[in-house]
Amino acid sequence: MSDIVDEINRMHRETGTRQVASGQARSLLMRRTYDAEVADVWDAVTSPERIGRWFLPVSGELKVGGRYQLEGNAGGEILACEAPTLLRVSWLFGPDPGFSEVELRLAPDGEERTLFELEHVAVVPEEFWGQFGAGATGVGWDLGLVSLGRHLRGEDIDPSTWEGSPDALVGAERSARAWGEASLAAGDPADEVAAQVAATTKFYTTG
């Protein structure tokens, strides 16, 4: 179990706010390195066949201006794609999702290593953010990026059962605390952050 805690701890996290056309948005930034070449990481996050092996099955017209759909999850438009360094998509879920975009940025970090950044910017209802904070979205991304790392190492993963596995539940608990630490670093009140961490941990570990 310590392996997944080590994986979660490798991630650098930041939270913030940003003004977009529809109002004030929340931002989550995740940064880590993978022991794989940029071309391999790029292929893993853009090839439909490989995405389905570590994340979720994806369908659609996978080119700039086209739309994609992750099975049972988010969908949207592909807004930018500059191989092998930049991918930006709208990330929409539910009947009235509002503004939400995800950007992936890749860069070489020495031989056969890749610096990986994921930034998710979204307008989030204040009551939802007040209850769960950054971990509501951040924990899911953390688990997905652990899964990506294992895929890049050649491990077999079943995405349909991964987030409910004992290993992932341990990771979710550590991730929720890590996002709480990022929120504290951003200046959020300690009592609010503690309540958000507790709510997020309960959501991901008990349903």
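1. Basis. The model is predicted, and local features need pLDDT of at least 70, side-chain atom pairs count only at pLDDT 80 or more, and totals for chains, interfaces and linings use all residues. Residues are numbered from 1 along each chain as its sequence is written, and side-chain values use heavy atoms, with hydrogens and water left out.

2. The sheet. Eight strands form an open sheet in the order S1-S2-S8-S7-S6-S5-S4-S3, and their pairing is antiparallel. Strands (E, at least two residues) and helices (H or I, at least four) are DSSP runs numbered from the N terminus; two strands pair if DSSP finds at least two bridges between them. At the edges are S1 (12–20) and S3 (58–60), each of which pairs on one side only. On average, neighbouring strands of this sheet are turned by 25 degrees against each other, direction ignored. Axes here are lines fitted to C-alpha atoms, for helices over the stretch in contact, and angles run from 0 to 180 degrees between N-to-C directions.

3. Strand S4 (residues 67–70) and strand S5 (residues 75–82) run antiparallel and are joined by three bridges. Glutamine 69 has glycine 75, in S5, as its bridge partner. As background, strands of a sheet pair through backbone hydrogen bonds, either parallel or antiparallel.

4. Helices on the sheet. Helix H2 (residues 38–46) lies across S2 (23–34), S5, S6 (86–90), S7 (100–108) and S8 (114–122), and runs at about 160 degrees to S7. Helix H5 (residues 135–152) also packs on the sheet, where H5 touches S1, S2, S7 and S8. The direction of H5 makes about 25 degrees with that of S2. Contact means heavy atoms within 4.5 Å.

5. Glutamate 7. Leaving aside residues up to four places away in sequence, glutamate 7 touches Arg32, Val146 and Arg153.

6. The cavity. On a 1 Å grid over the protein atoms alone, a cavity is a set of points where a 1.4 Å probe fits but cannot get out; a pocket is an open set with protein on both sides within 12 Å along at least five of seven lines, and lining residues have an atom within 4 Å of a point. There is one cavity of 30 Å³ or more, and the volume of the largest cavity is about 50 Å³. Helices H7 (166–185) and H8 (190–206) each supply at least two residues of its lining. That lining has six nonpolar, six polar and no charged residues.

7. The largest pocket. This pocket holds about 1,200 Å³ of space. Of its 40 lining residues, Asn73, Trp91, Phe93, Ala136 and Thr137 lie nearest the centre. H5 gives the most to the lining, with six residues. By class, the lining has 23 nonpolar, 13 polar and four charged residues.

8. The second largest pocket. Its volume is about 420 Å³. It is lined by 21 residues, and those nearest its centre are Val45, Thr46, Ile51, Leu87 and Val89. Elements that give two or more residues to this lining include H2, helix H3 (48–54) and H5. The lining divides into 19 nonpolar, one polar and one charged. Ala, Val, Leu, Ile, Met, Phe, Trp, Tyr, Cys and Pro count as nonpolar, Asp, Glu, Lys and Arg as charged, and the others, Gly among them, as polar. For all the volumes above, grid points are joined across faces, edges and corners, and a volume is the space filled by probe spheres set on the points.
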